[in-house]
Each structure stands twice: as C-alpha cells, then as structure tokens.
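Dear colleague,

Please find below the structure that I am handing over to you, with its sequence.

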Amino acid sequence: ILLVLSMAISVHAEPKVSCEVKKVRQHDLLVTFLWNVSVVSEKKHDACDLSISFQDGQGQEIFVVKETLEVKAGSNAFEGHEICDIETWQRIKKYVAKLDCVF
C-alpha cells in the first residue's frame, strides 16, 4: 500500500519553486526591481502560471507579478523586472511565489 501511495504522490508532484527579489534602482516615485525564479520539475509543463504576491505586514497582497511560463523537466531559471511606486515598495514585508501548472 505504501508503494502505491508513494507512486501516486510522485506522479502528481508539483514543481518546486524558489524566488528572489532585488531592488535595482530607486527614483523619487518609483522602484525598479528584478525577480529571479528557479523551478525544479519532474516533467515538462507547456503552460504554468507564475504569481509572485507581495504582501504587507498583515499578509495582505499589495502588489502582484504574473507570468505564464513553459517549464521543462529538470532545473529551470526565469527572470524579469518590474516597476512599482515607492510607497508600495516600502510597505512590502514579504513575497510568496506560486506556480500553477495545469498540463
């Protein structure tokens, strides 16, 4: 029974996601930041929805980055840059990256 359970879990194993965000430039009203996402997947996915949720101290989402990615089996690396206003950037306490792979 344990063998069947472990095989069922491995078939539906979700890709593992890690994310890093770094401020690269700050202006009077805007902040430019770079995001790097690493994904390790057991299989290929044609379309995965990446969401990086930026949250305040209460855990409320105050900014979000969304991308659609093609993930290959093995290690994957993605990066991009975004701009947000400085008031939002100063309120960000943490970010959470999620990957939703349908196929």
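Asp56 is buried, with a relative accessible area of 11% (buried means under 20% relative accessible area, exposed over 50%, and partly exposed in between, with a 1.4 Å probe and protein chains only). Its partner in a salt bridge is Arg91, at 3.7 Å from N to O; the term stands for a side-chain nitrogen of Lys or Arg within 4 Å of a carboxyl oxygen of Asp or Glu. Arg91 belongs to helix 2 (residues 86-91) and Asp56 to the loop between strand 3 and strand 4, so this pair ties together parts that are 35 residues apart in sequence. Arg91 is partly exposed, with a relative accessible area of 43%.

Please note that this is a predicted model, in which local features need pLDDT of at least 70 and side-chain atom pairs count only at pLDDT 80 or more, while totals for chains, interfaces and linings use all residues. Residues are numbered from 1 along each chain as its sequence is written, and side-chain values use heavy atoms, with hydrogens and water left out.

By the rule above, the count comes to 3 salt bridges. Lys44 takes part in a salt bridge with Asp46, at 2.7 Å from N to O. Asp46 counts as exposed, at 51% relative accessibility, whereas Lys44 counts as partly exposed, at 49%. Lys44 also forms a salt bridge with Glu70, where the closest N and O atoms are 3.9 Å apart. Glu70 lies in strand 4 (residues 61-71) and Lys44 in the loop between strand 2 and strand 3 (45-55), so the pair ties together parts that are 26 residues apart in sequence. Through shared partners, Lys44, Asp46 and Glu70 are joined into one network of salt bridges.

As to the sheet, 3 strands form an open one in the order 1-2-5, with antiparallel pairing. Helices (H or I, at least four residues) and strands (E, at least two) are DSSP runs, numbered from the N terminus; two strands pair if DSSP finds at least two bridges between them. Strand 1 (16-26) and strand 5 (74-85) stand at the edges with a single partner strand each, so one side of each has no neighbour in the sheet. On average, neighbouring strands of this sheet are turned by 20° against each other, direction ignored (axes are lines fitted to C-alpha atoms, for helices over the stretch in contact, and angles run from 0 to 180 degrees between N-to-C directions). Strand 1 pairs with strand 2 (residues 30-41) in the antiparallel sense over 10 bridges. In strand 2, Thr32 is the bridge partner of Arg25.

Yours sincerely
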